[in-house]
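Here is a brief report on one protein chain. Please look over the sequence and the 3D structure before reading on.

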Amino acid sequence: MGSASSRRFLEEPRLSSARHDLAAASLEDDRWIRTSLAQHFEGQLLDVDLVDEFGTPTSSVKWTFARWFAAASCRNAFASHGRLVRPYIRNVPVPPALRRQCLSDSPWPTSLGLDVSCTLFMGSPGSRTWLHTDGVHSAVLVLRGQKLVVALAPDSGGGLSASEATALNAVLCGLADRAPESFGGGGAGQRAGAHGVVDMGNLALRYAWLGPGEAITIPRGWHHFVYNETSCISVTLWARPPRPAAPVEPSSAAAEAGPAAPGAAPQAAPAAGPGMMPGSGRLLKLPRRLLQHVVSWCLDAAEPLGSSACGGGAGPASRLLWSVACSDAAWEAAFRHHWGTRAAALAAAEAAEAAAEAPGAASAEGGWRRRYARIRRVVAGEFKERPKAAARRWGDLALVDPGCAEALAGFLHRHERLLDKGSLGDYLSSPHAVSVLEAWTRELLAPLSGISVEAALRIYLLSLRLPGEAPRIDRMFQILASAYCSQNPGILATAAVPDDSQNPGIFASEDVIFVMLFNLVILNADLTTRTIKHHMTLDQFLRNNRGINDGADLPREYLTELFESIRQTPLPTC
């Protein structure tokens, strides 16, 4: 079974700063690991989870490694089914050479006799894994990028109810969004290898920042939360526990208490009051700012905290959190946060005027919660039916200045998940909203420098649905092509191409990109329409694009790659 010192590797997390050869090589040349994996996964379609802000998979898509890398190169989340999501590849086979290296250099002593296997994880910036436990021991080794791992010991996390784990996960997701301030501080280069403990009431959360070549072991039964601060590629090693020793006759007290949690040290069972789940009161001692953070998540959650959807029944701490979330003060704070102080002042003035005319009516109708729901109906419901009129209403309610294109574009991006994609496309493509469309497109593409034309189109179509009229699509694609060229100056053949750019300078002018966007949408429609008996072939696609590059042809290899990409993974509904 191994010595007592070896067994300690299975009882608490351990951080390893040893630089593995493969990861160290990626430090010297960041493109090394990318090229190695691109060659290994060439032509393969990988299962990609689209995870939301809580780390929950909302859907799954099939992407190539190159497409995932292009998407992971931008920090912005995508809009999918009304939620902001980030692509995360999990538990895929490890290339043979890397697998042999990792298994031969296991972080656990060989004296423990563990059966070790490994899988590959690839997360985009901001992606995270839900707070969870594993049934086996694990170790996380980072090859590229930077990752934060937060762990909670079984004696603290083992007693959390399902609803309280949901609340704690929400807290960690909020803290991860400002991870440098929450866990260790310092610049990105200074955080690699940093570790410590963050106290939340009576919960002690151990955290570690991992850079290339660094690893941390996580014992079985420990709750842990993982956050990818940058585009991150890592290997997770899984170790089956050693064969248990012969059973020992338990004492009567131990028999009544039941088996200990896996991986937990022997301890006395905590006392629990009638009807109270063990550990159900732990979150009651969280600092007020963290409680407020949980409340802010509750207000917009698709499944409210404490509802039956959380499973396992809500403990007293969860019920208290939900009662706070339902309070008028919490809704007022949420109103100001989501809709702005000017809108809150106007709503308060209207409420005071209504209260003067009919005392008690405002409080009876739900106060700030009712006002929040009313604004949400205006933003979501009325915009779906009459986008242009709804935008004017936003101005009347002091939500945004409808005369300022930049402000209106920012408002549309902030509340994109509430807006109907078809209505958004109709509104932005209308002749009176050209300046808004230009500002909206610039803001969408601002963080996406270096991605391909196809990737930019996919991201564009994740946010809205194209209208049915060709002149409107023409206007949208002209603006998209212009914004794309401004954001990617190396895309044109006359410009110098940065070394890290994925855009070959093969396009003669901005008009070529405009035509290519149209042709990709036409190809997608042809390949996905079931009523078409004979779909477009590669040769037909090549003929359709003959001479579009100011009289010249685009490279055949480039067009073939585009055709195969659209054929294997159609564009988002357009």
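## Overview

How many helices and strands are there in the protein chain? The chain has 25 helices and 14 strands. Helices (H or I, at least four residues) and strands (E, at least two) are DSSP runs, numbered from the N terminus.

The model is predicted: local features need pLDDT of at least 70, side-chain atom pairs count only at pLDDT 80 or more, and totals for chains, interfaces and linings use all residues. Residues are numbered from 1 along each chain as its sequence is written, and side-chain values use heavy atoms, with hydrogens and water left out.

Of the 574 residues in the protein chain, 47% are buried. Buried means under 20% relative accessible area, exposed over 50%, and partly exposed in between (1.4 Å probe, protein chains only). A contact means heavy atoms within 4.5 Å. Among contacts in the chain with a separation of 6 or more, 76% join residues 24 or more positions apart.

## Nonpolar cores

In soluble globular proteins, nonpolar side chains tend to be buried together. A nonpolar core here is a set of buried Ala, Val, Leu, Ile, Met, Phe, Trp, Tyr and Cys residues joined through side-chain atoms within 4.5 Å. The largest such core holds 113 residues, and Leu120, Met122, Trp394 and Tyr460 touch the most other members. Helix 22 (residues 470-487) gives the largest share of this core, 9 residues. At least three core residues come from each of domain 1 (34-240) and domain 2 (448-495 + 503-573). Those domain bounds come from an automatic or database domain assignment. Another core, of 18 residues, lies apart from this one and includes Val150, Leu168, Phe183 and Leu205.

What does Met122 touch? Leaving out residues up to four places away in sequence, its contacts are Leu37, Phe41, Leu46, Phe65, Trp68, Pro87, Tyr88, Ile89, Val92, Cys232 and Ile233.

Strand 9 (residues 147-152) is mostly covered, with 6 of its 6 residues buried. In a regular strand the side chains alternate between the two faces of the sheet. Here both faces are covered: one side has Lys147, Val149 and Ala151, the other has Leu148, Val150 and Leu152, and all are buried.

Two strands pair if DSSP finds at least two bridges between them. Strand 9 pairs with strand 11 (residues 203-210) in the antiparallel sense over 5 bridges. Val150 has Tyr207 as its bridge partner in strand 11. Strand 9 also pairs with strand 13 (residues 223-228), again antiparallel, over 6 bridges. In strand 13, Tyr227 stands opposite Leu148.

## Polar residues and cysteines

Thr119 sits in strand 6 (residues 115-123). Thr119 counts as buried because its relative accessibility is 16%. Its side chain makes a polar contact of 3.0 Å with the side chain of Trp238. A polar contact is a pair of N or O atoms within 3.5 Å; within protein, one must be able to donate a hydrogen and the other to accept it, and residues adjacent in sequence count only if both atoms are side-chain atoms. Beyond its neighbours within four places in sequence, Thr119 is in contact with Asn91, Val92, Val94, Ser234, Val235, Thr236 and Trp238.

Ser463 belongs to helix 21 (residues 453-463). At 5% relative accessibility, Ser463 is also buried. The side chains of Ser463 and Glu416 are joined by a polar contact of 3.5 Å.

How many disulfides does a search of the whole structure find? The search finds 0. The cut-off is a pair of cysteine sulfur atoms within 2.5 Å. Cys173 is buried at a relative accessible area of 0%. Cys232 is buried, with a value of 0%.

## Positive phi and a helix contact

Most residues other than glycine have a negative phi, and most peptide bonds are trans. Ala398 has a positive phi, near 65 degrees. Ala398 lies in the loop between helix 17 (387-396) and helix 18 (405-414), and is buried at 10% relative accessible area. Asp550 has a positive phi of about 55 degrees. Asp550 is in the loop between helix 24 (538-544) and helix 25 (556-568). With a relative accessible area of 55%, Asp550 is exposed.

Ile513 lies in helix 23 (residues 510-528) and is buried, at 1% relative accessible area. Its C-alpha atom is separated by 8.8 Å from that of Ser482, 31 residues apart along the chain. Not counting residues up to four places away in sequence, Ile513 touches Val453, Ala481, Tyr484, Cys485, Ile491 and Phe507.
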